[in-house]
Amino acid sequence: MAALKITPGFYDAHLTGGPSQYFSIDGLTPQLDEKGMLLTKTLNLALESGRTVRLTPSKFSPLRKQNNSFIITNPGHYLPEVQIPVGTYRVTYEGNMAVEDPHSVVGKPGTMLAVSLTNYDGSTITQSTDKDHFLVGLYKGPNKHDAGQKQGLLQIQKNRLLQVSMTNVIDSNTRILLTPVKK
């Protein structure tokens, strides 16, 4: 395994050569780039044969808005106050999702969208405690008794990274909407 010579920081990652088991939990696929991947001096990247990852420094442009909602279309890290204002947001999604059965122990897992906040000191992601960690998980349930989680509330704060995972996305038009909650 060759060591990468890379300056620590945030990078956008583009995967080629097919899916990778090493990045599937966050949602990086050849069709879906990961934005704002934080690379440190100690990070090791592993890939299957024939796969490559192109890393380019993240630009952290403000999130695109539609009507009153901020739109997220890629997994990764997003910076409060740079890409999205701090505040309380209703988190929803648009797009077709594969059914997720949280009670099943067999079968193919469905689409899971997760939006969370984690501590960030300006250069590293620090360990969060349960009281510091906020998570909204969105999925489509298998039946009317478990219709899934279609929305949630998230308080975006300073000194935290907005972390987005998009696992098993089947619809390239799937997106997460963050709509400010009026007080």
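This is a predicted model: local features need pLDDT of at least 70, side-chain atom pairs count only at pLDDT 80 or more; totals for chains, interfaces and linings use all residues.

Trainee: Noted. How many bridges join S8 and S12, and in which sense do they pair?

Mentor: There are eight bridges between S8 and S12, and the pairing is antiparallel.

Trainee: How far is Leu 117 from Leu 154, going by C-alpha atoms?

Mentor: The two C-alpha atoms are 8.5 Å apart, while along the chain Leu 117 and Leu 154 are separated by 37 residues.

Trainee: Switching to sheets. What's the strand order in the open sheet of five strands?

Mentor: The order runs S4-S5-S13-S7-S11, and the pairing is antiparallel.

Trainee: Which strands sit at the edges of that one?

Mentor: S4 (65-66) and S11 (151-156) are the edge strands, and each of them pairs on one side only.

Trainee: So what does S11 pair with, and over how many bridges?

Mentor: S11 pairs with S7, residues 87-94, over six bridges in the antiparallel sense. Within that pairing, Thr 92 has Gln 151 of S11 opposite it.

Trainee: New topic, charges. How many salt bridges does the count come to?

Mentor: One salt bridge. The side chains of Arg 175 and Glu 94 form it, with 2.8 Å from N to O. Arg 175 belongs to S13 and Glu 94 to S7, so the pair ties together parts that are 81 residues apart in sequence.

Trainee: Are those two buried or exposed?

Mentor: They fall into separate classes here. Arg 175 is buried, because its relative accessible area is 14%. Glu 94 comes out at 33%, so Glu 94 is partly exposed.

Trainee: OK, rings next. How many aromatic pairs turn up in the whole structure?

Mentor: The search finds two aromatic pairs. In one of them, the ring centres of Phe 10 and Phe 60 are 5.1 Å apart and the planes make an angle of 85°, so the pair is edge-to-face. Phe 10 is in S1 (residues 9-16) and Phe 60 is in the loop between S3 (52-57) and S4, so the pair ties together parts 50 residues apart in sequence. Phe 10 is buried at 14% relative accessibility, and Phe 60 is buried at 17%.

Trainee: What about Phe 70 and Tyr 89, how do they pair?

Mentor: Phe 70 and Tyr 89 form an edge-to-face pair too, with 6.0 Å from centre to centre and 75° between the planes. This pair links distant parts of the chain, since Phe 70 is in S5 (residues 69-72) and Tyr 89 is in S7, 19 residues apart.

Trainee: And why do Phe 70 and Tyr 89 count as buried?

Mentor: The cut-off for buried is under 20% relative accessible area. Phe 70 has 8% relative accessibility, so Phe 70 counts as buried. For Tyr 89 the value is 3%, and Tyr 89 counts as buried as well.

Trainee: Where does Asn 168 sit?

Mentor: Asn 168 is in the loop between S12 and S13 (175-180). Phi of Asn 168 is near 55° too, again a positive value in a residue other than glycine. Its relative accessible area is 30%, so Asn 168 is partly exposed.

Trainee: Last one, the largest pocket. How much space is in there, and which residues lie nearest its centre?

Mentor: The largest pocket holds about 430 Å³ of space. Its lining has 22 residues, and those nearest the centre are Thr 29, Gln 31, Leu 32, Asn 168 and Val 169. By type, the lining divides into eight nonpolar, eleven polar and three charged residues.

How values were computed:
Residues are numbered from 1 along each chain as its sequence is written. Side-chain values use heavy atoms; hydrogens and water are left out. Two strands pair if DSSP finds at least two bridges between them. Helices (H or I, at least four residues) and strands (E, at least two) are DSSP runs, numbered from the N terminus. Buried means under 20% relative accessible area, exposed over 50%, partly exposed in between (1.4 Å probe, protein chains only). A salt bridge is a side-chain nitrogen of Lys or Arg within 4 Å of a carboxyl oxygen of Asp or Glu. Rings of Phe, Tyr and Trp (its six-membered ring) pair if their centres lie within 6.5 Å; planes under 30 degrees apart count as stacked, over 60 as edge-to-face and the rest as tilted. On a 1 Å grid over the protein atoms alone, a cavity is a set of points where a 1.4 Å probe fits but cannot get out, and a pocket is an open set with protein on both sides within 12 Å along at least five of seven lines; lining residues have an atom within 4 Å of a point. Grid points are joined across faces, edges and corners, and a volume is the space filled by probe spheres set on the points. Ala, Val, Leu, Ile, Met, Phe, Trp, Tyr, Cys and Pro count as nonpolar, Asp, Glu, Lys and Arg as charged, and the others, Gly among them, as polar.
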